[in-house]
Every structure is written in C-alpha cells, then in structure tokens.
Amino acid sequence: MAAAAPPARGGLGGPVAGQGRSGVMAAGRLPPAALTLKQFLRRQQVLQLYRKILRAIREVPAEQDRRYLRDWAREEFKRNKDATEEDAIRMMITQGNMQLQELQRTLKLAKS
C-alpha cells in the first residue's frame with residue numbers, strides 16, 4: 001500500500017489550520033499568548049544568551065565545576081522566566097552577558 005502524499009499547505013489542499021476559508025487568519029483567532037514582535041525579539045536574545053552560557057560551560061575542565069555552573073545557569077533562567085518588565089529583562093540580559101564574558105576570560109586564562 002502506497003503512502004499518501006502530505007496535504008498541501010493553503011493552496012489546492014485547502015486552508016492552513018487556524019485560517020478561515022479565505023486562507024487568511026482572522027485577527028481574533030490569534031492564540032491568547034501570542035508575543036509582540038518586541039517580546040519575540042527579546043525572547044530570542046535571552047535564548048541566545050542561555051545557549052552561549054551553556055556552550056562556554058562545556059569548556060570548563062572539571063566535571064564537578066561544569067555540573068555546578070550548568071545547574072546555576074538553569075536555576076537563574078528558571079527563576080526569572082516569568083519576568084515581564086522590559087527594563088528588568090534588559091538589565092538581566094546585560095548582567096548575563098557580563099557573567100558570560102567573565103567566564104570566557106577565566107577559561108582563557110586557565111588555558112594559557
């Protein structure tokens with residue numbers, strides 16, 4: 001028995017899920033937790049910082065120190081995940097970047 005081809009998105013196969021017959025999503029049908037563009041971009045900044053921190057932590061030579069730092073980073077990001085005030089979020093991103101730079105400097109010194 002041959003596998004069926006996946007349905008087309010919006011074209012001949014009908015509208016994409018969540019869209020009306022015209023294929024255009026109605027303004028009132030957005031998910032209730034939809035982010036504004038500014039919130040989306042800020043979220044991307046936070047996720048990028050988190051990834052950079054975790055990558056830097058991978059360079060720490062001692063397993064016990066790596067584990068401690070990974071747990072610390074996760075806990076900090078979890079603790080602040082519900083922050084909504086724009087100024088506070090910007091301040092936390094700045095502090096996170098400074099801590100990342102300090103970690104990178106320390107690792108560079110340890111290697112030399």
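Partly exposed describes a residue whose relative accessible area lies between the buried range, under 20%, and the exposed range, over 50%. The legends below apply these words to a predicted model.

View 1. Across the fold, the C-alpha of Thr106 lies 9.5 Å from that of Val60, although 46 residues separate Thr106 and Val60 in sequence.

**View 2. The whole chain of the predicted model, with its three helices.** The protein chain holds three helices and zero strands, and its pattern, read along the sequence, is α-α-α. Of its 112 residues, 14% count as buried. Among the contacts in the protein chain with a separation of 6 or more, 57% are accounted for by residues 24 or more positions apart. The mean pLDDT of the chain is 82, with 74% of the residues reaching 70 or more. In residues 3-19, however, the pLDDT is below 50, and this stretch has 13 contacts in the model beyond near neighbours in sequence.

**View 3. Helix 1 and its buried face.** Helix 1 covers residues 37-58, 22 residues in total, and reaches 32 Å from its first C-alpha to its last, close to the 32 Å expected at 1.5 Å a residue. The residues of helix 1 that are buried are Arg42, Leu49, Ile53, Leu54, Ala56 and Ile57. These buried residues line one face of helix 1, because they fall within an arc of 165 degrees when seen down the helix axis. An α-helix has 3.6 residues a turn, so residues three or four places apart point the same way. On the other side of helix 1, Leu37 and Arg58 are exposed, while the cover over its buried residues includes helix 2 (63-79) and helix 3 (86-111).

**View 4. Arg58, an exposed residue of helix 1.** Arg58 belongs to helix 1, and it is classed as exposed because its relative accessible area is 60%, where the class calls for over 50%. The C-alpha atoms of Arg58 and Leu69 are separated by 9.6 Å, and these two residues are 11 residues apart along the chain.

View 5. Gly96 is found in helix 3, and it counts as buried because its relative accessible area is 8%, where buried means under 20%. Once the neighbours within four places in sequence are left aside, Gly96 is in contact with Leu49 and Ile53, both of which are among the buried residues of helix 1. The C-alpha of Gly96 is separated by 9.7 Å from that of Glu76, a residue 20 residues apart from Gly96 along the chain.

**View 6. The largest pocket and its lining.** The largest pocket has a volume of about 810 Å³. Its lining comprises 27 residues, and of these Val46, Phe77, Asn80, Lys81 and Ile89 lie nearest the centre of the pocket. Helix 1, helix 2 and helix 3 are the elements that give two or more residues to this lining, and helix 1 gives the most, with eight residues.

Note on methods
Residues numbered from 1 in each chain as written. Predicted model: local features only at pLDDT ≥ 70, side-chain atom pairs only at ≥ 80, totals over all residues. Heavy atoms only, no water. Helix = DSSP H or I, 4+ residues; strand = E, 2+ residues; numbered from the N terminus. Expected span 1.5 Å × (residues − 1). Buried < 20%, exposed > 50% of the residue type's maximum accessible area, 1.4 Å probe, protein only. Arc of directions from axis to C-beta. Contact = heavy atoms within 4.5 Å. pLDDT = per-residue confidence, 0-100. 1 Å grid on protein atoms, 1.4 Å probe; cavity = no way out; pocket = protein on both sides within 12 Å on 5 of 7 lines; lining within 4 Å. Points joined across faces, edges and corners; volume = space filled by probe spheres on them.
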